[in-house]
Amino acid sequence: MAQEIKRISPSIHRKPSPSNMEKGKVTYCTDLEKSVIISNFERRGWVQVGPEDEWNFYWSFTQNCRNIFSIESGYRMNDNQMINHFPNHYELSRKDLLVKNIKRYRKELEREGNPLAEKTDLVLPSGQVVSRYLHLDFIPVTYVLPADYNMFVEEYRKSPQSTWIMKPCGKSQGAGIFLINKLSKLKKWSREAKTPFHPQLSNKESYVISRYIDNPLLIGGKKFDLRLYVLVTSFRPLKAYLFRHGFCRFCTVKYDTSVTELDNMYVHLTNVSVQKHGGDYNSLHGGKMSIQNFRFYLEGTRGRAVTEKLFADMQWLIVHSLKAVAPVMANDRHCFECYGYDIIIDNTLKPWLVEVNASPSLQSTTHNDRILKYKLIDNIFSVVVPPDGIPDARWNKIPTTEALGDFDLLIDEDLMEKEDMNTRFCKFQRVKQ
Ligand SMILES: Nc1ncnc2c1ncn2[C@@H]1O[C@H](COP(=O)(O)OP(=O)(O)O)[C@@H](O)[C@H]1O
Ligand SMILES: [Mg+2]
């Protein structure tokens with residue numbers, strides 16, 4: 001999401017004191033002047049202050065959160081302060097780092113001999129046999145360019161008829177994305193690009209190249225992807241929740257794999273920011289379908305069992321993407337984050353993780369969208385703030401069932417450990433008897 005950065009000068013950061021709290025006032029600060037945010041704060045009777053004031057809850061842009069946590073800022077949060085990002089969220093939300101972390105996670109599990117990292121042989125359409133992870137093959141084969149160019153060429157040659165998608169690491173909303181089906185096209189692009197491939201290119205100018213999922217599940221002949229919201233309140237132990245009201249985002253033009261349509265982004269990219277410029281964009285439904293309706297559609301057309309499996313597979317994918325970054329995340333107890341997951345489902349009903357956004361759009365394109373986003377923010381607040389309504393970083397972060405609202409628990413390693421201790425304790429009791 002494009003963000004306007006309000007720079008906070010480190011020198012003017014005032015050390016927060018709990019004085020406002022003593023007066024019984026919870027204060028909030030927001031970089032995003034959106035009514036879904038403001039109205040949720042106001043409903044709680046919280047008082048708006050500026051970033052240099054004594055805030056308890058800050059809905060910040062990612063850059064401002066990073067500034068606050070930078071050593072130069074000299075800012076130290078007190079126990080009654082919370083912020084909506086982890087300082088190094090980019091480990092999950094930058095396309096190249098996400099892939100790097102997942103690859104490392106799989107390698108580590110493999111080295112440990114963990115059954116999760118079991119592999120299987122896959123026969124490609126070219127007849128070539130490649131080895132793939134049986135349980136952790138949830139991101140399309142991806143390389144970072146220019147760094148992994150040689151590895152990419154090796155993979156490309158295994159199935160030269162495949163299509164690949166090039167995505168700039170530093171951009172979003174479909175910007176700078178294109179498809180290629182020939183190595184020569186990539187070489188041509190590299191020669192003509194303003195930033196030619198150079199081994200010393202900074203991360204900002206690098207790209208990921210991913211195998212294009214060319215067999216997406218279609219509804220009404222159109223490609224779509226899913227936007228799911230995942231709230232993380234801690235990475236170590238991992239505590240994550242999935243919002244029930246995700247949605248599908250549809251292309252406006254029928255899916256067509258012919259080469260002549262390769263450059264037609266209305267066929268291939270599901271971003272609303274791309275599709276809303278198309279002539280066929282419908283502003284009433286905004287090219288969106290609720291996840292509930294998608295579920296009904298799937299149950300009706302493919303059956304209940306496979307639908308259940310698809311949803312379970314998506315939860316699996318989310319949990320393992322989070323586990324992959326958990327060891328490298330700065331697990332600051334003042335932080336929480338709501339991620340926007342982009343998932344494509346192929347026509348075999350296998351979900352693929354395409355990317356994770358740290359600032360999913362809170363823009364409402366339709367009436368339903370507005371309701372959904374208001375509820376999302378409301379439920380986020382009630383999960384991350386302790387039952388007494390006062391932000392507290394020392395809280396054990398175990399929300400009540402009512403506080404979860406429309407979030408479902410994906411994983412809580414804290415609770416899992418407690419349950420494990422309980423069962424072990426019960427066994428011990430039984431042995432003693
Ligand atoms: N590997 C892929 N296979 C098929 N479609 C893809 C793939 N990667 C991305 N897309 C399409 O492109 C869109 C934009 O890609 P994404 O990685 O989400 O970048 P952005 O940050 O620009 O949104 C996705 O929403 C999806 O529709
Ligand atoms: Mg995206």
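Glutamine 173 lies in the loop between strand β8 and strand β9 (178-180), and in this predicted model its phi angle is near 60°, which is a positive value in a residue other than glycine. Most residues other than glycine have a negative phi, and most peptide bonds are trans.

The bond from leucine 145 to proline 146 is cis, with omega near 10°, and proline 146 is found in the loop that runs between β7 (142-145) and α6 (149-158). The bond from arginine 236 to proline 237 is also cis, with omega near 0°, and here the proline, residue 237, sits in the loop between β12 (222-235) and β13 (238-243).

The ligand is surrounded by 19 residues, and the closest of them are Ser172, Ser210, Ile213, Thr270 and Glu355. Sorted by class, the shell around ligand 1 has 9 nonpolar, 6 polar and 4 charged residues. At least three residues of this shell come from each of domain 2 (93-211) and domain 3 (216-421).

| Helix pair | Axis distance | Angle |
|---|---|---|
| α2 (35-43) and α12 (367-384) | within 9 Å | roughly 45° |
| α10 (291-302) and α11 (304-325) | within 7 Å | roughly 135° |
| α5 (95-112) and α11 | 8 Å | about 90° |

For the pair of α2 and α12, the axes cross at roughly 45°, and that makes α2 oblique to α12. The crossing of these two helices is right-handed. On the side of α2 the contact is made by Val36, Ile37 and Asn40, while α12 contributes Lys373, Tyr374, Ile377, Asp378 and Phe381. When the residues of this contact between α2 and α12 are divided by class, 5 are nonpolar, 1 is polar and 2 are charged.

For the pair of α10 and α11, the axes cross at roughly 135°, and that makes α10 oblique to α11. Helix α10 brings Arg295, Leu298, Glu299 and Arg302 to the contact, and helix α11 brings Arg304, Val306, Thr307 and Leu310. The residues in the contact of α10 with α11 divide into 3 nonpolar, 1 polar and 4 charged.

Helix α11 also packs with α5, at an angle of about 90°, and the two helices are therefore roughly perpendicular to each other. In this contact the residues from α5 are Asn101, Ile102 and Tyr105, and those from α11 are Ser321, Lys323, Ala324 and Val325. By class, the contact of α5 with α11 consists of 4 nonpolar, 2 polar and 1 charged residues.

Technical notes: Residues numbered from 1 in each chain as written. Chains lettered and ligands numbered in written order. Predicted model: local features only at pLDDT ≥ 70, side-chain atom pairs only at ≥ 80, totals over all residues. Axes fitted to C-alpha atoms, helices over the stretch in contact; angles between N-to-C directions. Helix = DSSP H or I, 4+ residues; strand = E, 2+ residues; numbered from the N terminus. Parallel < 35°, antiparallel > 145°, perpendicular 65-115°, else oblique. Left-handed = near helix turned anticlockwise from the far one by under 90°. Contact = placed C-beta atoms within 7 Å. Nonpolar A, V, L, I, M, F, W, Y, C, P; charged D, E, K, R; others polar. Near = placed C-beta within 6 Å. Domains from an automatic or database assignment.
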